[in-house]
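My notes are below, point by point.

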Amino acid sequence: AQRVTQPEKLLSVFKGAPVELKCNYSYSGSPELFWYVQYSRQRLQLLLRHISRESIKGFTADLNKGETSFHLKKPFAQEEDSAMYYCALKSLYGNKLVFGAGTILRVKS
Amino acid sequence: ETGVTQSPTHLIKTRGQQVTLRCSSQSGHNTVSWYQQALGQGPQFIFQYYREEENGRGNFPPRFSGLQFPNYSSELNVNALELDDSALYLCASSPGQAVYEQYFGPGTRLTVT
């Protein structure tokens, strides 16, 4: 079965603190993984893809096949990072995304 | 360039009724995917249309159906509404079938009473 698990519904950190949003997956083969973000009153948008291995808005995510994880990290949180974050994978069966339940990140000043 | 738009923004229906939701894809996009997002959950894939043909379907019953028109806009129809159909319905368009190129609309909030 293909599944994405985000164990934390809410993560609250202070501005300037490191952030790690957890994502675990179950998948047969080599998964294609993504992080999506939804800021307040905005639509869901792609933040980053594991294939591109780039840093977006200071966020990075590394695929760890041994631990089946794809955690999202940022060394110093900013207030504008407050949003809902979804981890997702491309399904083995067709061009569709399988999403986790999401984690609300709240950055306090 | 116009982004993905959806209509209506929200609506309320009664159990057993039928509903049609609409999505206008972004200019140049020929693929539309629909997702259902229940409260507190991530989006769940319903189906995808590519050049007016259904191109994949998630685990939803046949009372969920769709259409894509020659201008690539799309409709989602749900018959015999149930209370559990209450959700945010998201449409995403893309220039091809690559999932990472999906651009999401703002969603339609459906409440079934």
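1. A word on terms before we start: a residue is called buried when its relative accessible area is under 20%. By that cut-off A:Cys23 is buried, because its relative accessible area is 0%. Please keep in mind that this is a predicted model.

2. How many disulfides are there over all chains? The count comes to two. As a reminder, a disulfide is a covalent bond between the sulfur atoms of two cysteines.

3. In chain A, the disulfide runs from A:Cys23 to A:Cys87, with an S to S distance of 2.0 Å. These two cysteines link distant parts of the chain, 64 residues apart. A:Cys23 sits in the loop between β3 (19-21) and β4 (24-26), while A:Cys87 belongs to strand β9 (residues 83-90).

4. Is A:Cys87 buried or exposed? A:Cys87 counts as buried, because its relative accessibility is 0%. As for handedness, the torsion about the S-S bond of A:Cys23 and A:Cys87 is about -65°, so this disulfide is left-handed.

5. Over in chain B, B:Cys23 is joined to B:Cys91, with the sulfurs 1.7 Å apart. B:Cys23 lies in strand β3 (residues 19-24) and B:Cys91 in strand β9 (residues 87-94), so the pair ties together parts that are 68 residues apart in sequence.

6. The angle about the S-S bond of B:Cys23 and B:Cys91 is -45°, and the link is left-handed. Both B:Cys23 and B:Cys91 are buried.

Methods:
Residues numbered from 1 in each chain as written. Chains lettered and ligands numbered in written order. Predicted model: local features only at pLDDT ≥ 70, side-chain atom pairs only at ≥ 80, totals over all residues. Heavy atoms only, no water. Disulfide = S-S within 2.5 Å. Helix = DSSP H or I, 4+ residues; strand = E, 2+ residues; numbered from the N terminus. Buried < 20%, exposed > 50% of the residue type's maximum accessible area, 1.4 Å probe, protein only.
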